[in-house]
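Thank you all for making time this morning. Please have a look at the sequence and the structure before I start talking.

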Number of protein chains: 2
Amino acid sequence: MTNTTQLDQLCINTLRTLSIDAVQKAQSGHPGTPMGAAPIAYCLWQRFLRYDPENPNWPNRDRFVLSSGHASMLLYSLLFLSGVKATSQSDDGDGLAVKLDDIKHFRQAGSHCTGHPEYGRTSGVETTTGPLGQGTATSVGMAIAERWMAASYNRSEHHLFEHNVYALCGDGDMMEGISSEAASLAGHLKLANLCWIYDQNHVSIEGSTRISFTEDVAARFLSYGWQVTHVEDANDLDLLTRGYNIFLDTHDRPTLIIVQSHIGYGSPTKQDSKEAHGEALGAEEARLTKAFYGWNPDTQFHVPDGVAEHFRKHFGYRGTRLRITWEAQFSTYRKQYPELAEQIDRMQRRELPEGWDSVLPTFPADAKGLSTREASGKVMNAIAEKMPWLIGGAADLAPSTKTYLNFAHAGDFQSPNSTGSYHGRNLHYGVREHAMGAISNGLSLSGLRPYSASFLVFTDYCRGALRLSAMMKLPVISIWTHDSINLGEDGPTHQPVEQLASLRAMPGMIVLRPADANEVVEAWRVIMQITDCPVCLVLSRQALATLDRTCYAPASGVAHGAYVLADSPDHKPDVLLLGTGSEVALCLSAYEQLKKEKINARVISLPSWELFEKQSQVYQDSVLPPQISARVAVEAASSFGWERYIGIGGSVIGLDCYGLSAPMETVAKHFGFDVAHIVAAAKKQMTCHVSR
Amino acid sequence: MTNTTQLDQLCINTLRTLSIDAVQKAQSGHPGTPMGAAPIAYCLWQRFLRYDPENPNWPNRDRFVLSSGHASMLLYSLLFLSGVKATSQSDDGDGLAVKLDDIKHFRQAGSHCTGHPEYGRTSGVETTTGPLGQGTATSVGMAIAERWMAASYNRSEHHLFEHNVYALCGDGDMMEGISSEAASLAGHLKLANLCWIYDQNHVSIEGSTRISFTEDVAARFLSYGWQVTHVEDANDLDLLTRGYNIFLDTHDRPTLIIVQSHIGYGSPTKQDSKEAHGEALGAEEARLTKAFYGWNPDTQFHVPDGVAEHFRKHFGYRGTRLRITWEAQFSTYRKQYPELAEQIDRMQRRELPEGWDSVLPTFPADAKGLSTREASGKVMNAIAEKMPWLIGGAADLAPSTKTYLNFAHAGDFQSPNSTGSYHGRNLHYGVREHAMGAISNGLSLSGLRPYSASFLVFTDYCRGALRLSAMMKLPVISIWTHDSINLGEDGPTHQPVEQLASLRAMPGMIVLRPADANEVVEAWRVIMQITDCPVCLVLSRQALATLDRTCYAPASGVAHGAYVLADSPDHKPDVLLLGTGSEVALCLSAYEQLKKEKINARVISLPSWELFEKQSQVYQDSVLPPQISARVAVEAASSFGWERYIGIGGSVIGLDCYGLSAPMETVAKHFGFDVAHIVAAAKKQMTCHVSR
């Protein structure tokens, strides 16, 4: 280690021993990767990362993503030693994002040092990681965001956005399919601001990676169009520095730095073994390891003099200087380009532009109607034209999902070439749903308002990423069309059944399934105002009648999640008909039929269970009066969960099996989605239930 | 096309025009890929595929997987022209798997020509495809199965198993992460019997693949350790033949044949465009295309004389001859190795070996107990020792999930080397959950009884494959441990919440969450006897008391999905306590507490909703008496769906948010999983509900 000073080594070993001690005290955690990868992170932070510990939200900071989320103690040690400040967005009470006391209470309730890094819980954590592959894929979204912001807001004299995105990842990340998807796309997009550092320690939970992972990773990334370089020894700061410089000198593609490291470095019996991965070293082994580092084996959580100062002196001052310069520049920019500056401000605060909803369409009543995917495409285009930072795309299904932004100058997001530029608003994800989900998270974490799209059935391909959107409370919009068996001929592989229930079961996710074009408008009105959770907008392939709102309640009820669409004249119905999406019109037809038979029904449109459950009990009871237990729910999907609204004795017209390949009308009839069935179910309900 | 005879060309064009006409008549479907890839499939079937149309279930047949499932008409045309017979496993009434009438009713109810190929619906369909990447990944499972069966059953004089697995795939398959995972593993395992044919037509739904997919696929597969060869023109049977021969001559790795083709080949205005992908050509375009093929534009569904005969003469006779020879060989083998032959028979019939359950353990009552993952590991090992074709593994979590088969000679499945052989029973999937799911499907489709394993939260990474297990009714066993917030310190990213509800919502999936070691035994007893659906076995990380069955009902009640574990002496309880898994013991403690307070409760262990719902109404009512509406459900998971058993007024002790990183006891207490809460909820229920 030619240019490793004693102080460098002291800093690196402090990162290591803090990690060892935290895991040892918690008797839980992953010491091996922090021990092996400490110099990789130290070199990056100390010599390269442009990041101001005084302001971890500075928009032009470099991003450091710890995709190996289990190595969380490495990140916490870095945040602590660098003195990264807490921000108001997190729940850190005072001063520092991570205090020594947090480290001493690693993995305990109340500590900011949680088992895996949690965005929003600990300042300086750029994204929640742990499920492998999510960090790497999310970092691609952050890199796209930077390219887009640079192309959109930089002016020749003002380079407001020029930051890099680093992701530290491991063997597990490399094996996950989501990383392959994201890396392939990053190569295609020539994201030169993206650097993955692959901590290759050749050990995973089952032992040596030789038992399952023998591909040539360097060759694979070259095939994606990446720059690839090797660092033969993670302990060699010279080689690491050379690796990072190769990244900085590469301007036409992303870079992968493959670093050979030793899991559990320094542990006399556990180094290079799976035993170093996921459990405490043990008191005696920890002592021996410290001795190897030249540490006093009797100390715990020891931070030698000069270490924190060294971090601040180089890493900290550099970042603070850069941030202050940037702010001065931004205030000049603000004077020169007030409108652009306002966009940047709003984006960072998750505010909408003035007048964003001034152009929302209203759809006239129309029995023929249009599909909700078509209506959504029109509404989204109208909003997007007013809101430049609404950007997104589909997993090779833009034409089918109607999610292409087609107004003038929307453009395609591509590395500048004949078909697009980094200023483009339309992303082409290719057939890569899982990466699309994680990239959307990365876009949102950088302040953009992303949307993504595919068929509803393919939520199954990206739940890992959707779950993190919800856990991080990111206002990511995902658009899922072809929302039921009514897609028809493509058959059961493409007909969603259980996906609605599965999404509704996901905490912190709002699901919206509008019933007609005007409910789509209202759904978008709701969605755009959400700042703290993701939304799944679920849309039909087939045309749905645009309801005559002079006969039925206005669509603004969508904001309440559920509303009474049609009712008995005395508001004392005998039976409740509940529907969502395409089944609402069926309920209305049943209602009209029942009316002819002198039966008083109420039709409730229930586009969003989650929004409905946020309403007051009084409102909820006004829609679903507790004393009326004759209830029929109609939804062309799994009945799972509907007992919440209809009770044990209620009736669900749903399907608890897979669909059928046939024309839509045949399929709907086959599964009993017709007026006659609803009417019969309503009558049966009325004979079973005597209103309390 | 040097060696393409007129008859070859006629056959190829028949495949094309049948596809064109079927899509045109249905006004729905995907003509472009069948038109472009017809010669690829023709060359393979006619010259190479070892497959007997008289017996599409012949165990040693080559497999042809159409991973580009949207090109289903290509497969149906092949099955029709080859005269593949219907089998009893499918619902084909008579004779042929696909009749011309089926083709004429493509995508209509009742036709065997469904939108995408459906296993079990149409003989000759080796696996259900359509969701991209599933076919390719499943083919890896089939190739593993062949290697395992060859290593296990072939004897020097009898090569019972030596077949190849071909998968035809497209750009979309190549982009999906699941394919990357599967290809990396296939390369690691050196599956020389596996051949993917990549129909590279450079067009996907959004247009040219240049907009999102510009990686060097050949280099990527070389990095995985595959053989790669190119065919520059899909219409050149010579080049295709050379490609297939390269595969057959490669004995140390899988092969990728990259074939340049033209989507919609021959269509004057739609060739090479996305318009050829997913919609009918249109009547006039179809006429012009036929003219280009030298076809009479006025004919529809035309099969020229000699075409079917040509298929039968080469493809058919070859396969029948091989199958008859094989059967003769197998009857000699049966005499020489009756036990092995019996295994093969049972495997093919999905029967269990005699005495498979003779060694199931019983666990004595023990307040300390053991985790259900540990109990499961013991039970599974006991069964696996009796049942050689029970094989599987984990996604790099065998030690954590306790799924390693550790008895003598179980061994690791590896290409023969120092650490294992193709006879090994333990698969090392690496961190590749989605591929693991699809590979398990492939193993099952070949007759093996596969199990797979990971943490419950990572079902999110492989739902695409789990759904296909369920749709295909495959008895795949998947084992999910670390089943709740009780995993503790790893925190919310690893703590499942909504996964139980999401799996229960999936049609055709059985979910089992046993409460103690003896319920684990009974769960395995149930699982092993299932032949027609997948099972998710959900297990705890933490130790659970082994219940004293002299005080409580026997664990054999697991077979009914739910059973009364403890009851009031008069069997007229005032309140019902329902629990699953680790929460059952909590319910029992609450029951004992309530008993002290003279309150009559009943505890119901409900390990499987799906099994319970298969029971008679009488049994269901005996467990959950309808007149008792005071009900408390306790499950450390999303409350979603529980109203099915407790009604609108019931109480669920669950959690509808993400978890917490802290020691298990702290987490459980934080979310209210303790006796006091259950007792309080029970009392509150009793005051709210007057039994009817």
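What you see is a predicted model, in which local features need pLDDT of at least 70 and side-chain atom pairs count only at pLDDT 80 or more, while totals for chains, interfaces and linings use all residues. Residues are numbered from 1 along each chain as its sequence is written, chains are lettered from A in the order in which they are written, and side-chain values use heavy atoms, without hydrogens and water.

Let me begin with strand β2 of chain A, residues 165-169, where 5 of 5 residues are buried, meaning under 20% relative accessible area with a 1.4 Å probe and protein chains only; strands here are DSSP runs of E, at least two residues long, numbered from the N terminus. A:V165, A:A167 and A:C169 lie on one side, A:Y166 and A:L168 on the other. In a regular strand, side chains alternate between the two faces of the sheet.

β2(A) pairs in the parallel sense with strand β1 of chain A, residues 63-66, over 4 bridges, pairing requiring at least two DSSP bridges. Within that pair, A:R63 stands opposite A:V165.

Turning to the interface, 99 residues of chain A are in contact with 99 residues of chain B, contact being heavy atoms within 4.5 Å. Between the chains there are 8 salt bridges, each a side-chain nitrogen of Lys or Arg within 4 Å of a carboxyl oxygen of Asp or Glu. One of them joins B:E498 and A:R467, with the closest N and O atoms 2.8 Å apart.

Methods. Buried means under 20% relative accessible area, exposed over 50%, partly exposed in between (1.4 Å probe, protein chains only).
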